[in-house]
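Hi,

Here's the structure I promised to send over. Have a look, and then read on for what turned up in it.

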Amino acid sequence: MRRLRPEQERYKVPVFKNVIYALRLVWKADKKLLLGYILQKVSQNVFSIFIQNILFLKILLEVITANTDFKVYVKYLVLFFAVSAAAKFLQWKGTRMEQFATKGVLKYLNNMVFEKANSLDVSCYEDPEFYDKYQRATIVLTSSFFDLICYDAAAVISGLISFICVVTTVTAINPIYLLFLLPVIFVFVIEMSKSRLVYKRDLEMTTNNRIKAYIQRTVFLRDFSKDMRTSNIFSVLLKRFKLAVDSNIKILKKYGLKLFLYSMVSSLFSDFIPIICTYAYAGYEFVIKNSMTVSNFSVVISAITSVQNATMDIAESFDEMTQMALYFQNLKDYFSYEPKIKSGKMKAEKFESIEFKNVSFKYPSANNYSLKNLSFKINKGETVAIVGVNGAGKSTMVKLLLRFYDPTEGEIYYNGVSLKEYDLESLRNVYATVFQDYKNFAISVFENVICKPCDDSDKETARQALMQSGVWDKIESLEKGGDTVLTKEFDENGAGLSGGENQKVSTARLFARDFDVAILDEPSSALDPIAEYKMYENLIEVTNDKTVIYISHRLSSAVLSDKIIVLKDGEIIQSGSHSELMAQGGEYENMFELQASSYNAEEG
C-alpha cells in the first residue's frame with residue numbers, strides 16, 4: 001500500500017475515476033446489482049417525476065379544457081393505469097435482482113480483501129498508518145458502500161433522465177424557463193466541495209475511531225478481563241476513550257459551520273432562486289400577458305417542483321457517491337499494494353544448510369539496528385539453540401529466516417542460494433514453526449492442529465501430535481474430545497484451556513507436520529520447567545535427523561543442542577556447545593547458573 005500522502009495531498013483523490021473504479025469492481029462481481037438498481041430508480045423516478053406529474057397532467061388538463069368526449073378521458077386513464085402497473089413491475093423486478101446480487105457482491109469483495117490480506121508484508125501489521133488506511137478501506141464493506149454507490153449511480157442516472165424529460169417539456173412551452181433552472185448546475189459543484197469536506201473531517205477522525213474501537217473490543221475480551229478487575233487499568237482506558245470522543249467532538253465543531261454554510265448555499269440555488277423566478281414569470285405570462293393556457297401554467301408550476309425533486313435527488317446521490325468514491329480510494333490503494341518482499345521462482349529443495357553472512361537489520365521505523373553483522377551456518381541434522389535475554393534480536397532472526405523481512409545489509413542463503421531467489425510458499429513450507437505469540441482459533445482442536453478440515457486419518461495424526469506435545473489427556477477428557485471447539489466465542493460448549501494447554505495445542509502442529517527444519521520461537525514460554533523438559537525430549541525424539549532451531553531466553557533447550565549461539569544487543573557474543581560455553585565462562589555461563597539457581601529455589 002502506498003504511504004499516506006503529505007497532509008495537503010491526502011484529500012486530492014480522483015473522484016470520477018474512483019466512481020468508475022467502484023462500479024467496475026461491482027460489475028465484475030455481479031452486474032445484476034447495478035442493473036437492478038437502475039431498473040428500480042429509472043422506472044420509479046421517470047414515472048413519478050415526469051409521466052405522472054408532467055406528461056399525464058398536461059394531457060388530462062388539455063382533454064378537460066378542450067371539452068373532449070369523456071371516453072377519451074377514460075382512455076387516457078386506462079393508459080395511465082397500464083403505464084403505472086408496468087413501472088411497478090419493473091421496480092419489483094429490479095428489487096429482486098438487487099437483493100439476490102448484494103450477497104454475492106459482498107462475498108466476492110470480502111474474498112478479495114481476505115486474499116489480499118494474506119499477501120501483505122508482515123511489516124504492514126506493525127505500521128499504525130497502515131491500520132488507519134486499512135480501517136477506512138474496510139468501511140467500504142462493513143458499511144455496504146459498494147451497495148450504496150450502485151444505488152446512488154442509479155439515482156443519478158434516473159434523475160438525469162427525468163430532468164431532461166421535464167426540461168424538454170418546459171422548453172417546448174417557453175425556452176426562457178431554462179434560465180431559471182441554470183442555478184441548479186451550481187448545486188453539483190457545491191455538493192462536491194461539501195463531500196470533500198466531509199471526507200476530510202472523517203479522515204481526521206480515523207485514529208480516534210480506531211482508539212475507540214480498540215477499547216470497546218478490549219473491554220469484552222476474556223484475555224483482558226482479569227487484569228481489568230485487579231488493577232486500575234480500566235480507568236486509563238476510559239480516559240483514552242473519553243479523549244478520543246472529545247477530540248472527535250472538536251473535529252465535528254471545526255467543520256460544522258462550513259458544512260452548514262454549504263447546505264444553505266445549496267438550498268439557495270436548488271430551491272429559492274428557481275422557484276421564485278419560475279412562479280413570478282409564469283404568473284406574469286398567465287395573468288398579465290394572458291399568453292399561457294391553464295394546462296401549460298399547471299405544467300410549468302408542477303415542473304419546477306419536479307425539477308427540484310430530480311435535482312435534489314441527483315445532488316444528494318451525487319454527494320453521497322462522491323463521499324464513497326473518496327473512501328474507495330483507500331480500497332483501491334489496498335488492492336493495488338505491491339509487497340516489498342518479492343517471491344522468487346526457485347522451488348526450495350530438501351534442506352542442506354542455512355547461512356547468515358554479515359546480516360544486519362533495522363526495522364523500517366526504527367533508528368537503531370536490531371541485528372548487527374551476524375554470520376553463522378546451520379547444517380542439516382543440527383540442533384541449534386539461539387539464546388539471549390528479551391530484546392536481544394532472537395525473534396527478529398526468525399522473521400528474516402521466514403522472509404517476513406529482508407536484511408538491511410548482508411545476505412541469508414538456503415542451500416547456498418539467496419533466500420530471495422526462492423518461491424515464498426515453497427520456502428516457508430520447508431519450516432515447521434511455533435511462535436512465542438502462539439494463536440489458536442475458534443475451531444475444533446483437531447482442526448487447530450492439522451490446519452484444515454479433518455478426515456479420520458487427519459484426526460489420528462492430530463491425536464498422536466497432541467500426545468507428543470503433552471496435552472492429549474486434557475483434550476480426551478473434554479465432552480467431544482478433539483472435536484471440541486476452542487473458546488466459547490461461537491460455541492457455548494467450547495473449551496477454555498489454560499495458557500500452557502493452549503501452547504501445547506499450538507506446538508502439536510509441529511508434531512503433525514512433515515518438515516525439514518523446525519523453528520521454535522519461545523515454544524515453552526507458558527510451560528513449567530518439568531513440562532518444558534518433557535516437551536523438548538519429545539521434540540528430540542520426533543526430530544531425529546531433522547534440523548531444529550530453538551529460539552529462547554530459557555536454557556532448557558540449550559543443554560540438548562549441538563550448537564548454541566548467544567545473542568546480546570543484536571550481536572553474536574558467544575558460540576559453541578553447552579560444555580564449551582560453560583568452560584569459556586561469560587554471558588552464557590552467567591545466564592545458565594542464574595536460571596539453574598532459580599529452578600533450585602522453586603524446587604526447594
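Below are my notes on one helix pair and a few salt bridges.

Keep in mind that this is a predicted model.

First, the helices. H6 (residues 184-204) packs against H10 (residues 294-336) at an angle of about 35°, and their axes are 9 Å apart. The crossing is right-handed. On the H6 side, the residues in contact include Val-184, Phe-188, Met-192 and Tyr-199, while H10 brings in Ile-314, Phe-318, Leu-326 and Tyr-327, among others. By class, the contact between H6 and H10 has 11 nonpolar, 5 polar and 5 charged residues.

Next, the salt bridges: there are 11 in the whole structure.

- Lys-350 and Asp-516 pair up at 3.5 Å, N to O. Lys-350 is in the loop between H10 and strand E1, and Asp-516 is in the loop between H16 and strand E7, so this bridge ties together parts 166 residues apart in sequence. Lys-350 is exposed at 56% relative accessibility, whereas Asp-516 is buried at 15%.
- Asp-483 and Lys-459 meet at 3.1 Å, N to O. Asp-483 sits in the loop between H15 and H16 and Lys-459 in helix H14, so the parts joined here are 24 residues apart in sequence. Asp-483 is partly exposed at 37%, and Lys-459 is partly exposed at 24%.
- Asp-246 and Lys-242 have their closest N and O atoms 3.0 Å apart. Both are in helix H9, 4 residues apart, which means about one helical turn separates them. Asp-246 is partly exposed at 28%; Lys-242 is exposed at 53%.

Cheers

Note on methods. Residues are numbered from 1 along each chain as its sequence is written. This is a predicted model: local features need pLDDT of at least 70, side-chain atom pairs count only at pLDDT 80 or more; totals for chains, interfaces and linings use all residues. Side-chain values use heavy atoms; hydrogens and water are left out. Axes are lines fitted to C-alpha atoms, for helices over the stretch in contact, and angles run from 0 to 180 degrees between N-to-C directions. Helices (H or I, at least four residues) and strands (E, at least two) are DSSP runs, numbered from the N terminus. A crossing is left-handed if the near helix is turned anticlockwise from the far one by less than a right angle, and right-handed if clockwise. Contact means heavy atoms within 4.5 Å. Ala, Val, Leu, Ile, Met, Phe, Trp, Tyr, Cys and Pro count as nonpolar, Asp, Glu, Lys and Arg as charged, and the others, Gly among them, as polar. A salt bridge is a side-chain nitrogen of Lys or Arg within 4 Å of a carboxyl oxygen of Asp or Glu. Buried means under 20% relative accessible area, exposed over 50%, partly exposed in between (1.4 Å probe, protein chains only).
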